[in-house]
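Dear colleague,

I am handing over the structure that follows, together with some notes on what was found in it. Please keep it open beside this message while you read.

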Amino acid sequence: MLELINVSTFYGNIQALHEINLKVDEGEIITLIGANGAGKSTTLMSISGIAPPRTGEIFFKGKPIHELSPNKIVALAICQVPEGRHIFPDLTVAENLDMGAFLRSDKKQIEEDLEYIYTLFPILQERRHQPGGNLSGGEQQMLALSRALMARPQLLLLDEPSMGLAPLVTKQIFDIINKINKEQNTTIFLVEQNANLALKIADRGYVMETGRITLHDKASALLTNEDVQKAYLGI
Ligand code: ATP
């Protein structure tokens with residue numbers, strides 16, 4: 001579904017990604033784990049066109065996307081939920097969700113999707129008339145994820161959904177990510193510092209160090225890999 005070939009991305013003179021190669025198959029959950037500053041967010045932003053690669057190629061369903069603008073990439077049903085959530089704090093929960101569907105015109109399906117989201121996160125239905133900014137951190141993460149779902153993504157790029165959340169809320173969100181993958185057949189590319197949780201729901205994982213992919217394998221194999229355990233799982 002998605003393939004990155006020798007992708008190098010720069011911020012001015014700083015090279016953040018060094019010839020990254022990576023593949024995502026349709027229906028998979030893949031995770032990219034690594035320390036602070038390894039280049040995980042830059043990888044997602046290279047895919048979504050926010051930090052386009054200087055060299056290398058990115059293909060989505062066989063078509064090159066590395067020269068497309070972010071809005072053209074979103075229109076292909078690739079949606080990113082950025083780190084730090086970025087909901088619209090002054091809009092209500094319902095208005096935030098409407099914003100996610102702004103490229104769509106299939107009204108009936110939009111209503112059904114909204115119903116589905118409210119069954120995933122009943123708290124969002126209860127709070128639908130409140131400003132997004134009044135929600136707790138966990139609820140804002142639920143809203144950011146739900147807003148992305150309203151775009152009917154085929155590929156969902158999630159940047160650190162566990163960031164700053166209590167363990168119980170994190171678990172709830174990860175359960176829902178798994179559910180979305182299984183029930184909606186949404187392919188998920190999950191960037192996480194919480195390697196333990198991410199590898200538990202992922203099919204495959206990539207490990208990134210200072211802008212390079214250093215290891216990739218089935219998630220179950222990474223969970224038992226001694227180097228990964230020492231560096232990222234605190235074992
Ligand atoms: P974190 O988990 O802390 O978000 P990360 O693995 O997502 O880390 P990136 O945010 O992709 O890492 O950063 C990769 C490298 O690029 C780092 O060295 C970082 O300092 C640098 N970098 C990121 N954004 C910018 C920017 N806007 N300008 C300059 N350098 C940047």
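Which element supplies the largest share of the lining of the second largest pocket? It is α4, which gives three residues to that lining. Before the details, please note that this is a predicted model, in which local features need pLDDT of at least 70 and side-chain atom pairs count only at pLDDT 80 or more, while totals for chains, interfaces and linings use all residues. Residues are numbered from 1 along each chain as its sequence is written, and side-chain values use heavy atoms, with hydrogens and water left out.

**Pockets**

A pocket here is an open set of points on a 1 Å grid over the protein atoms alone, with protein on both sides within 12 Å along at least five of seven lines; a cavity is a set of points where a 1.4 Å probe fits but cannot get out, and lining residues have an atom within 4 Å of a point. Grid points are joined across faces, edges and corners, and a volume is the space filled by probe spheres set on the points.

By class the lining has six nonpolar, four polar and four charged residues; Ala, Val, Leu, Ile, Met, Phe, Trp, Tyr, Cys and Pro count as nonpolar, Asp, Glu, Lys and Arg as charged, and the others, Gly among them, as polar.

The largest pocket has a volume of about 650 Å³, and of the 24 residues that line it, V74, C79, G100, F102 and A151 lie closest to its centre. Two or more lining residues come from each of α2 (70-75), β6 (78-81), α3 (93-100) and α6, and the lining as a whole has 16 nonpolar, five polar and three charged residues.

**Cavity**

The structure also holds one cavity of 30 Å³ or more. The largest cavity, with a volume of about 30 Å³, is lined by S46, I47, G49, P52, P53, I58, I65, H66, L68 and I73, of which seven are nonpolar, three polar and none charged.

**Helix packing**

Helix α6 (residues 137-149) packs against helix α7 (residues 167-184) at an angle of about 15°, with the axes 10 Å apart; axes are lines fitted to C-alpha atoms, for helices over the stretch in contact, and angles run from 0 to 180 degrees between N-to-C directions. The two helices are therefore roughly parallel to each other, a term used for angles under 35 degrees. Their contact (heavy atoms within 4.5 Å) is made by G138, Q141, M142, L145 and L149 of α6 and V169, Q172, I173, I177 and I180 of α7, and by class it has seven nonpolar, three polar and no charged residues.

The axes of α3 and α6 come within 7 Å and cross at roughly 35°. V93, N96, L97, M99 and G100 of α3 meet L143, S146 and R147 of α6 in this contact, whose residues divide into four nonpolar, three polar and one charged.

With best wishes

Methods: Helices (H or I, at least four residues) and strands (E, at least two) are DSSP runs, numbered from the N terminus. Angles under 35 degrees count as roughly parallel, over 145 as roughly antiparallel, 65 to 115 as roughly perpendicular and the rest as oblique.
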